[in-house]
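Please report on the packing and local backbone features of this chain. The sequence and structure are shown here.

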Amino acid sequence: MLVQIAWRNIWRNKTRSFVVIGSIVIGLWASVFILAFAWGLYKNNIDESVNRQLSHIQIHHPEFTNQQESKYVIKNSDSILSILQKEDLVQAASARSITQGMITSPTTVAGVTIYGISPKAEIKQIGLNQNLIAGDYFASGKGNEIFIGEKLTKKLKIKLRSKVVVTFTDINSNIVSAAFRVGGIYKSKNLSLDEVNVYVQKQSLDKLLDLQPSESNELAILLKDEATLESYKTGVQQLAPNGKVEDWKDLSPHLEMVIESFNLYTYIITGIILLALTFGIVNTMLMSVLERIRELGMLMAIGFNKRKIFSMIMLETFFLTLIGCPLGLFIGWLSILILGTYGINIAIFSEGLASYGFSSIIYPELDDQIYWIVAIMCLITALLSAIYPAYRALQLNPAESIRKI
């Protein structure tokens with residue numbers, strides 16, 4: 001009987017009930033959408049970093065990561081690379097020579113990281129060919145081509161086919177200078193890297209560094225399925241027992257921190273939205289109680305004890321939440337499904353986003369368990385919000401309440 005009374009009570013004033021339901025729907029939609037947008041933003045950055053910069057796994061000489069000196073090489077890297085490229089789990093694998101140096105134009109100089117790459121092997125790795133905005137991807141066949149980011153060209157005040165001089169130290173600690181011609185200008189989704197990373201052919205850089213063709217500073221492995229990362233990493237360690245094998249989480253701890261902290265963001269963002277929702281529920285339910293003082297007094301007079309009065313008001317709030325919660329989550333899920341397919345274009349902020357490695361097109365995405373977390377938090381919040389109105393109802397005096405107009 002108590003359930004029936006509570007259900008009928010919420011529809012006695014449909015406008016008020018729909019206001020509460022609407023508040024819950026909007027609050028939950030906003031909560032899941034903001035979370036999905038935030039995760040889509042960060043996931044895009046993570047995917048871009050892994051697929052276009054770090055790869056899933058990298059192999060280095062144990063000292064290279066700390067010292068960043070070209071003399072720390074992986075011996076017989078060509079034989080290891082040939083084995084990796086034949087693996088079914090591997091989408092792409094490539095060997096790189098890396099050194100730190102200075103690039104000089106006729107007007108200025110800048111510090112850069114010079115990557116010696118194998119053009120064909122890197123097509124599926126860094127995707128340099130897809131980011132070119134001027135020039136052709138190592139089409140000339142000349143060994144003195146260098147590919148530079150658009151932001152760096154502006155800093156150096158150079159253009160396509162301009163001549164630059166690159167200076168660095170070889171493995172014997174000799175200072176080496178070499179002239180290169182800009183064969184291509186690229187623009188990636190991470191402008192901060194565009195300003196410091198330049199690319200040349202590996203064989204050209206190896207000669208300048210005095211490295212053997214079988215030696216490399218880095219082996220990068222991109223997997224077909226990230227789910228195989230942990231197990232495959234163990235196998236790679238056995239393949240290169242003297243090398244330091246790291247996955248992208250080891251190479252970029254801040255990306256792992258983003259993933260680990262996202263659950264905390266879930267509680268914070270949802271909590272803030274539900275806190276605002278709390279005031280609406282408290283206000284509406286309190287108004288409902290004060291409008292029914294005479295009715296509540298009558299119920300107390302005919303035998304409804306305080307426990308039943310309290311339960312009735314809590315049930316009313318529970319029913320309103322039970323209607324609004326699934327509806328809000330469904331609208332949120334539908335919005336994420338549609339926008340996750342077509343994306344949200346925020347190109348107006350593209351320059352600022354690219355400075356931090358974010359794309360201007362965001363694809364909202366949310367894990368299924370987040371919906372459950374938001375739903376449970378909403379239910380708990382609604383029930384807590386009903387406690388004060390229910391408490392006010394318990395303070396009513398039946399004799400006085402019946403005479404209330």
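Predicted model: local features only at pLDDT ≥ 70, side-chain atom pairs only at ≥ 80, totals over all residues.

## Nonpolar cores

The largest nonpolar core has 64 residues. Within this core, Ile59, Ile221, Ile309 and Leu366 have the most contacts. Its biggest contributor is helix α2 (residues 14-54), which gives 13 residues.

Around Ile309, once neighbours within four places in sequence are left aside, the contacts are Leu296, Leu299, Met300, Phe304, Ala393 and Leu394.

## Packing of α11 and α15

Helix α11 (residues 253-291) packs with helix α15 (residues 368-385) at an angle of about 30 degrees. The two axes are 9 Å apart, and the crossing of α11 and α15 is right-handed.

On the α11 side, the contact is made by Asn263, Thr266, Tyr267, Thr270, Gly271, Leu274, Thr278, Ile281 and Val282. They meet Gln369, Ile370, Ile373, Val374, Met377, Cys378, Thr381, Ala382 and Ser385 in α15. The contact holds 10 nonpolar and 8 polar residues, and no charged residues.

An α-helix has 3.6 residues a turn, so residues three or four places apart point the same way.

Glu69 is in the loop between α3 (64-67) and α4. Its relative accessible area is 31%, so Glu69 is partly exposed. Apart from neighbours within four places in sequence, Glu69 is in contact with Phe64 and Asn217. From Glu69 to Thr99 the separation is 30 residues in sequence and 6.6 Å in space, C-alpha to C-alpha.

Ile387 is in helix α16 (residues 387-394). Ile387 is partly exposed, with a relative accessible area of 37%. With neighbours within four places in sequence left aside, Ile387 is in contact with Phe310 and Met314. Ile387 and Ile57 are 330 residues apart in sequence, and their C-alpha atoms are 53 Å apart in space.

## Positive phi values

Most residues other than glycine have a negative phi. Asn76 is not a glycine, and its phi is positive, near 55 degrees. Asn76 is in the loop between α3 and α4. With a relative accessibility of 48%, Asn76 counts as partly exposed; the cut-off for exposed is over 50%.

Asp210, also not a glycine, has a positive phi of about 70 degrees. Its place is the loop between α8 (202-209) and β9. Asp210 has a relative accessibility of 40% and therefore counts as partly exposed.

Terms used
Residues numbered from 1 in each chain as written. Heavy atoms only, no water. Core = buried A, V, L, I, M, F, W, Y, C linked by side-chain atoms within 4.5 Å. Buried < 20%, exposed > 50% of the residue type's maximum accessible area, 1.4 Å probe, protein only. Helix = DSSP H or I, 4+ residues; strand = E, 2+ residues; numbered from the N terminus. Contact = heavy atoms within 4.5 Å. Axes fitted to C-alpha atoms, helices over the stretch in contact; angles between N-to-C directions. Left-handed = near helix turned anticlockwise from the far one by under 90°. Nonpolar A, V, L, I, M, F, W, Y, C, P; charged D, E, K, R; others polar.
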